[in-house]
Amino acid sequence: MNSKIIVDNLNFYYGNMKVLNSIDISFYENSITALIGPSGCGKTSFLRILNRLNDTVSNVKVEGNIVLDGTDIYKDMDPITLRKKVGMVFQKPNPFPMSIYDNVAYGPRVHGIKKKNELNEIVERSLKSAFLWDEVKDRLNKSALSLSGGQQQRLCIARALAVEPKVILMDEPTSALDPIATSKIEDLITTLKENYTVIIVTHSMQQAARISDYTAFFLLGKLVEHEKTKYIFESPRDKRTKDYITGMFG
Amino acid sequence: MTKSNWQEKLNEKLFLISALISIILVFSITLFIFIKGVPAIKEIGLKSFILGAKWKPGNGQYGILPMILGSIYVTIGACIIGVPIGVFTAIYLSEMANKKVVDFLRKVVELLAGIPSVVFGFFGLVTIVPIIDKIFGGGGNSLLASSIILGIMILPTIISISEASMRSVPKEYKEGALALGSTHLDSIFKVILPSASSGIFASIVLALGRAIGETMAIILVSGNTPLIPHSAFDRVRTLTSNIAIEMGYAYGLHQESLFATGVILFVFIMLINGVFIAFSRKVGEANDR
């Protein structure tokens with residue numbers, strides 16, 4: 001199994017507060033890793049370190065090495081290049097207030113693709129990969145805000161795919177959705193690993209168990225356990241992991 | 001009825017009366033302008049009044065086309081100068097500057113808004129007018145000088161409303177754009193600015209209203225010649241300055257024609273307000289969705 005991202009001794013600070021404490025973890029190519037843990041354990045901060053979205057927040061500090069395909073993302077790569085390779089889907093669907101087409105074409109356009117037929121092709125391919133094409137192909141010029149919540153989230157996934165990333169980060173992508181929309185997104189995520197490395201933050205143990213290959217349990221800024229999902233849920237090594245997944249706290 | 005109940009009722013009435021006063025004032029001002037102005041328009045004839053190019057009250061010529069065009073040109077000029085500076089300042093304030101700079105700049109902008117218009121006019125008279133005269137000749141009192149002064153005067157309106165509307169764009173849009181590999185500038189110009197466009201447009205319309213109604217500063221720098229300007233360096237007279245300059249000594253039809261000028265100005269301002277209200281309604285609906 002190839003490591004796509006290797007995180008080595010990562011510390012992360014908000015001002016003087018140490019939010020993440022010497023994290024070592026690898027994310028494997030073409031697999032889904034679920035990050036679980038109680039609120040405030042640092043898993044969302046961790047996710048936003050992987051595409052350097054925390055750079056936009058002032059007063060934060062990152063120590064340690066994070067290597068994507070052999071290149072250190074903080075020392076040897078600029079954030080724009082990194083974010084092209086590492087896409088993100090947010091907790092609340094956040095389509096831009098523009099047409100469905102323009103949402104998906106946004107990424108390719110800012111990266112310099114101007115040809116109409118090339119854009120058409122990317123939009124169609126991305127929407128198909130996000131299982132949304134059939135629902136929207138006749139109204140690509142309608143506002144993205146006219147879609148339902150689940151459709152909006154799939155649109156956001158299509159928008160991320162359009163940039164052709166290698167890794168997709170997902171920050172509780174179904175927490176704002178109903179069960180039917182959630183199961184559609186989960187089906188979609190499991191197909192994504194054929195082509196991408198997926199890292200997903202989730203509060204739902206069932207979701208982690210259903211879709212992920214690996215699970216990492218975070219607690220109070222530390223990585224407690226990182227194993228194949230099967231082992232985490234059937235025979236966790238750490239008592240804290242066991243307590244968390246059986247609902248003793250959290 | 002208990003005492004507190006009675007007081008409550010009284011208070012309510014007090015507020016109602018206060019609210020009514022402004023409503024009554026607006027209507028009586030409107031009524032007054034029309035009663036005083038409409039007879040003159042009738043006597044002169046609407047067409048020769050608003051399309052007449054000669055304003056010579058001594059000769060019985062009452063064409064206010066030069067002033068209508070003067071007001072429109074000066075306002076457009078003010079927008080050409082003020083809108084880009086204002087919107088860029090708003091972008092800087094909402095997206096780029098750190099908190100200290102923002103606090104300082106906001107205070108400066110508030111101060112700018114508080115400067116009396118006669119001071120702006122005086123400033124224009126001693127700085128901008130001589131500079132224009134030096135570079136282009138012709139005395140300096142001109143359409144250009146008026147546009148520059150008005151362009152500065154509308155900055156606070158554009159900056160504060162545009163900044164507020166850009167700040168109200170959800171953070172998620174910006175993060176979404178950045179996460180796709182947008183540069184900061186791309187995220188501003190392709191996502192934040194379009195999302196805030198209705199608020200920015202509203203700020204421009206409000207600024208238009210302020211510009212077209214401005215009088216004192218314009219009188220000092222425009223030259224006030226009632227002729228249709230043919231270049232940015234020509235002297236110009238606006239609807240407002242026409243009224244302010246001549247009202248002191250006018251009588252009879254001349255005086256009434258100045259009230260009629262006010263009617264035309266009023267119509268312009270109503271149009272601008274109408275556009276503004278239509279837009280705020282559209283914005284409201286978009287936000288409700």
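Predicted model: local features only at pLDDT ≥ 70, side-chain atom pairs only at ≥ 80, totals over all residues.
Residues are numbered from 1 along each chain as its sequence is written, and chains are lettered from A in the order in which they are written. Local features need pLDDT of at least 70 and side-chain atom pairs count only at pLDDT 80 or more, while totals for chains, interfaces and linings use all residues.

**View 1. Chain A as a whole.** Chain A is built from ten helices and ten strands (DSSP runs, H or I of at least four residues for helices and E of at least two for strands, numbered from the N terminus). Its C-alpha trace spans about 55 × 40 × 35 Å along the principal axes. Of its 250 residues, 44% count as buried, meaning that 20 or more other C-beta atoms, placed from the backbone, lie within 10 Å of a residue's own.

**View 2. Around F218(A).** Look for F218(A) in strand β9 (residues 214–219) of chain A. F218(A) counts as buried because it has 26 C-beta neighbours inside 10 Å. Leaving out residues up to four places away in sequence, F218(A) touches L35(A), G37(A), C41(A), G42(A), K43(A), L223(A) and V224(A); touching, or contact, puts the C-beta atoms, placed from the backbone, within 7 Å. Take G42(A): 176 residues separate it from F218(A) in sequence, yet their C-alpha atoms are 7.2 Å apart.

**View 3. Where chain B meets chain A.** Here 16 residues of chain B are in contact with 22 residues of chain A. On chain B's side, α8 (171–179) and α9 (184–195) are the elements that give two or more residues. The largest share, six residues, belongs to α8(B).

Technical notes: Contact = placed C-beta atoms within 7 Å. Buried ≥ 20, exposed ≤ 12 C-beta atoms within 10 Å, placed from the backbone.
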